[in-house]
Amino acid sequence: MKKYVCTICGYVYDPETGDPDNDIPAGTSFDDLPDDWTCPVCGAGKDSFEPED
């Protein structure tokens, strides 16, 4: 699964880790995140993320 980077703050969403602080379990792909999920660092929406190279 691909990692995604927040273009605002540089936070990297890693599906292997998930986002445990926001109840997103490990193994959750970026596409499967809820539409209202936001960057845990800066609060940006999913539309501010790009796939990591």
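**Core.** I looked up the largest nonpolar core and found eleven residues: Y4, C6, Y11, Y13, I24, F30, L33, W37, C39, A44 and F49. A nonpolar core here is a set of buried Ala, Val, Leu, Ile, Met, Phe, Trp, Tyr and Cys residues joined through side-chain atoms within 4.5 Å. Buried means under 20% relative accessible area, exposed over 50%, partly exposed in between (1.4 Å probe, protein chains only).

**Model notes.** This is a predicted model: local features need pLDDT of at least 70, side-chain atom pairs count only at pLDDT 80 or more, and totals for chains, interfaces and linings use all residues. Residues are numbered from 1 along each chain as its sequence is written, and side-chain values use heavy atoms, with hydrogens and water left out.

**Y13.** I listed the contacts of Y13 (heavy atoms within 4.5 Å). Leaving aside neighbours within four places in sequence, Y13 touches K3, Y4, G18, D19, I24, T28, S29, F30, L33, W37 and F49.

**Rings.** I found seven aromatic pairs in the structure. Rings of Phe, Tyr and Trp (its six-membered ring) pair if their centres lie within 6.5 Å; planes under 30 degrees apart count as stacked, over 60 as edge-to-face and the rest as tilted. Y4 and F30 have ring centres 4.1 Å apart and planes at 10°, so I logged the pair as stacked. Y4 lies in strand β1 and F30 in the loop between β2 and β3, so this pair ties together parts that are 26 residues apart in sequence. Both Y4 and F30 are buried.

W37 and F49 have ring centres 5.3 Å apart and planes at 55°, so that pair is tilted. The W37 ring belongs to the loop between β2 and β3, F49 to strand β3, twelve residues apart. W37 is buried at 6% relative accessibility, and F49 is buried at 7%. Ring pairs join Y4, Y11, Y13, F30, W37 and F49 into a cluster.

I also checked charges over rings (NZ of Lys or CZ of Arg within 6 Å of the ring centre and within 35 degrees of the ring normal). The charged end of K46 sits over the ring of F30, 5.3 Å from its centre.

**Sheet.** Strands (E, at least two residues) are DSSP runs, numbered from the N terminus, and two strands pair if DSSP finds at least two bridges between them. I read an open sheet of three strands, order β2-β1-β3, with antiparallel pairing. The edge strands are β2 (12-13) and β3 (49-51), each pairing on one side only. V5 stands opposite V12 in β2.

Technical notes: Helices (H or I, at least four residues) and strands (E, at least two) are DSSP runs, numbered from the N terminus.
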